[in-house]
Amino acid sequence: MPSLDRRTVAGAAVLGAVVAASLLSSPAAAVDAAERTAADPLLFGVAVLGLYLVRPFLAWPTTLVAIVVGYGYGVAVGVPVALAGAVLTSLPPFLGVRWFAGAGGFWSRLGDAGDRFLGSTGHVRGVTAARLLPIPADAVTCTAAASGVPLPAFALGTVFGELPWTVAAVVLGHSAESVAARGLGDVSLPLIVACIAAAALLLAGPAYQYLGARTAAS
């Protein structure tokens with residue numbers, strides 16, 4: 001049996017640890033602790049930063065922290081803070097997968113699939129469209145990293161694509177008297193439909209060009 005590349009083994013171990021942590025941990029206690037610090041801007045800022053830093057290792061949704069941000073900072077300040085946090089919290093998995101991608105195997109196949117999509121759409125447009133779709137944010141991050149998307153294009157696409165979800169989450173948090181009592185809630189169906197429609201519009205041009213090229217080649 002051929003020996004496994006150390007990066008492959010490390011990648012599998014990290015992925016297994018994240019899955020285990022997500023199954024064994026609950027965000028409720030962390031959200032409750034952050035809520036209790038909302039009266040102190042400094043402590044609340046530290047709590048929010050901590051949530052964004054640990055979030056990718058626990059596979060929590062990015063909107064969870066955005067709701068907390070909205071609760072403590074309101075809409076005007078909360079939206080830019082949460083957008084910056086969305087980029088920050090995606091960096092550990094992005095940089096980690098970028099390093100693991102050199103091991104080949106699963107990451108190579110993931111990168112090949114992403115290349116076919118992003119090669120047709122362009123990096124910023126492709127990341128934006130993927131972020132607009134109601135799929136896990138970390139799945140988009142890992143695919144973009146494995147596909148070799150440059151960090152600036154990835155960050156810009158993340159900001160554009162996460163904007164509607166972030167605004168909705170921040171507004172929800174701002175309107176809640178208590179995050180723990182209100183719960184995270186469900187994103188409304190109209191927002192989901194609107195984001196899917198926006199992603200479809202972004203992809204319509206590249207899809208038309210791709211189909212036209214396939215037709216001309218056949």
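**Exercise 1. Which helix gives the most to the lining of the second largest pocket?**

*Solution.* The model is predicted, so that local features need pLDDT of at least 70 and side-chain atom pairs count only at pLDDT 80 or more, while totals for chains, interfaces and linings use all residues. Residues are numbered from 1 along each chain as its sequence is written, and side-chain values use heavy atoms, without hydrogens and water.

Step 1. On a 1 Å grid over the protein atoms alone, a pocket is an open set of points with protein on both sides within 12 Å along at least five of seven lines, a cavity is a set where a 1.4 Å probe fits but cannot get out, and lining residues have an atom within 4 Å of a point. Helices are DSSP runs (H or I, at least four residues), numbered from the N terminus.

Step 2. List the lining: G114, F117, L118, G126, V127, A130, L133, I135, A139, V140, T143 and A144.

Step 3. Assign elements. Helix 5 (106-121), helix 6 (123-132) and helix 7 (137-146) give two or more residues each. Helix 7 gives the most, with four residues.

Step 4. The pocket has a volume of about 180 Å³, a volume being the space filled by probe spheres set on grid points joined across faces, edges and corners. Its lining comprises nine nonpolar, three polar and no charged residues. Here Ala, Val, Leu, Ile, Met, Phe, Trp, Tyr, Cys and Pro count as nonpolar, Asp, Glu, Lys and Arg as charged, and the others, Gly among them, as polar.

**Exercise 2. State how many cavities of 30 Å³ or more the structure holds, and describe their linings.**

*Solution.* Step 1. There are two such cavities.

Step 1. The largest cavity holds about 50 Å³ of space. Y52, E162 and W165 are among its lining residues. Helix 4 supplies the largest share, five residues. By class, this lining has five nonpolar, three polar and one charged residues.

Step 2. The second largest cavity has a volume of about 30 Å³. Its lining includes R55, R131, D138 and E162. Helix 4 again gives the most, with four residues. Two nonpolar, four polar and four charged residues make up this lining.

**Exercise 3. Describe how helix 3 and helix 4 pack.**

*Solution.* Step 1. The axes of helix 3 (residues 41-58) and helix 4 (residues 62-100) come within 8 Å and cross at roughly 35 degrees. Axes are lines fitted to C-alpha atoms, for helices over the stretch in contact, with angles from 0 to 180 degrees between N-to-C directions.

Step 1. The crossing is right-handed, that is, the near helix is turned clockwise from the far one by less than a right angle.

Step 2. The contact residues divide into 20 nonpolar, five polar and one charged.
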